[in-house]
Amino acid sequence: MAKCNICEIANGNVESKKVYEDAHLVAILHPKPATPGHIILIPKHHYPILENLSNDLIGHMFNTASKISSSIFESMNIHGTNIFVQNGVPAGQTIPHIMVHIIPRNENDNINLMWQPKKLDQEELSTVELKIKEETKNIVIQKEKEKQQPVEERKLEQLGTDGEEENYLLKQLRRIP
Ligand SMILES: [Zn+2]
């Protein structure tokens with residue numbers, strides 16, 4: 001597999017403007033920023049998309065993004081930030097290493113992250129609602145299950161799903177040009 005540029009940056013093999021680092025994450029100034037102070041927050045290990053991250057790492061990453069956002073408010077004298085993830089190729093992801101963008105915003109900065117709102121009728125909205133609810137139902141069930149299971153059982157189950165995750169990851173990699 002070709003070297004991942006983001007891994008190289010995260011592990012300090014390539015020069016970058018590092019503004020934050022801990023055991024799991026690195027934040028650097030985007031070399032081609034949307035606005036001055038545009039930061040990308042990167043996991044040190046290689047994960048192609050958000051779904052590959054553990055619950056703990058996702059929590060830690062978004063907590064840290066929020067803290068970094070506060071730091072930019074203070075240091076750059078700005079009035080807002082956009083915090084977003086390009087999760088998958090159709091969402092604009094160009095490098096198969098997940099990252100969170102933190103973009104400082106001021107009024108009239110001419111950064112365009114807006115979209116044209118679509119009009120769906122009630123039936124279309126309801127169809128989408130049902131489809132998504134069918135899946136989000138499982139989120140609650142899984143959480144409850146985790147709580148009730150003894151630790152040993154959970155460990156086994158995690159081992160069991162590793163293979164699935166690996167396959168999913170490979171599929172994702174194949175999708176990315
Ligand atoms: Zn990588």
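1. Two residues are in contact when their C-beta atoms, placed from the backbone, lie within 7 Å. Of the contacts in the protein chain between residues at least 6 apart in sequence, 59% join residues at least 24 apart.

2. The model is predicted: local features need pLDDT of at least 70, side-chain atom pairs count only at pLDDT 80 or more, and totals for chains, interfaces and linings use all residues. Residues are numbered from 1 along each chain as its sequence is written.

3. The protein chain holds four helices and five strands, in the order α-β-β-β-α-β-β-α-α from the N terminus. Helices (H or I, at least four residues) and strands (E, at least two) are DSSP runs, numbered from the N terminus.

4. Strand 5 pairs in the antiparallel sense with strand 3 over three bridges and with strand 4 (residues 80-84) over five bridges; pairing requires at least two DSSP bridges between the strands. Histidine 101 in strand 5 stands opposite isoleucine 40, and proline 104 in strand 5 stands opposite threonine 81.

5. Of the 177 residues in the protein chain, 16% are buried (20 or more other C-beta atoms within 10 Å of the residue's own, the C-beta atoms being placed from the backbone).

6. Leaving aside residues up to four places away in sequence, alanine 27 touches Val19, Tyr20, Ile39, Leu41 and Ile68.

How values were computed: Buried ≥ 20, exposed ≤ 12 C-beta atoms within 10 Å, placed from the backbone.
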